[in-house]
Amino acid sequence: MGILRLPDGMVAVARVVKSYGTAGEVIVKFDSTYAEYMYDLAELPLFMEFEGAKVPFSIESLSPKGRDGAIVKFSTINDLQHAEELARMPLFASAESIAELLPDMASIDEQSSLEALAGFSLFDEEGNFAGKVVEFLDYPSNPCLEVDRPGGERVVIPIHTDLVLGFDAKARELTMEIPKGLFSL
């Protein structure tokens, strides 16, 4: 399937989970593909999308937290209020920058960038709301998304670039071709 490329050659590499402390730090969860490269990614400008514009953020400091997380201090975020505004926001990097910094990234398989979809609203090919993406499930040869349906049930949906019809990072929306009958199982 290849890296899920976002508009303008951007790749989702992580997402801000929540604020941490009172000095503007945040907890960031890196996509499992990029977790081992978090220090390298800290050297790149990372982007978040606000009102349709990609805003660059520089990492001032990074302290690993767990297997794929980190406590991050962005150079322009200095208080709790601004840090809280970043919660649940995906972090993007330029695919070109990643390729230059990490040349082996060209061979990444389908799990790339999909963890950043947690929190996105999922719509079917007809524009109907199908649910909220809860988590990316990295099943070998069958990557899936766990989705909370409007009625409260949780379903697992296979994800593949051939099924992705639309992606809007600003609105945090994903439109996919959903296999017929999947929700009636």
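**View 1. F74 and its contacts.** Setting aside neighbours within four places in sequence, F74 touches V26, M48, F57, S58, I59, E60, L86 and L91 (contact: heavy atoms within 4.5 Å). This is a predicted model, where local features need pLDDT of at least 70, side-chain atom pairs count only at pLDDT 80 or more, and totals for chains, interfaces and linings use all residues. Residues are numbered from 1 along each chain as its sequence is written, and side-chain values use heavy atoms, with hydrogens and water left out.

**View 2. The largest nonpolar core.** F74 turns up again here: with V13 and F30, F74 touches the most other members of this 29-residue set. Such a core is a set of buried Ala, Val, Leu, Ile, Met, Phe, Trp, Tyr and Cys residues joined through side-chain atoms within 4.5 Å, buried being under 20% relative accessible area (1.4 Å probe, protein chains only). A second, separate core has 18 residues, including I157, F167, I178 and L182.

**View 3. The six-stranded open sheet.** The strands line up as β12-β11-β10-β9-β14-β13, with mixed pairing (a pair needs at least two DSSP bridges; strands are DSSP E runs of at least two residues). β12 (154-158) and β13 (164-168) each have a single partner, so one side of each lacks a neighbour in the sheet. Antiparallel β9 (121-123) and β10 (129-137) share three bridges, and L122 sits opposite G131 in β10.

View 4. pLDDT, the predictor's confidence from 0 to 100, averages 82, but stays under 50 over residues 1-5 and 105-112.

Key
Buried means under 20% relative accessible area, exposed over 50%, partly exposed in between (1.4 Å probe, protein chains only). Helices (H or I, at least four residues) and strands (E, at least two) are DSSP runs, numbered from the N terminus.
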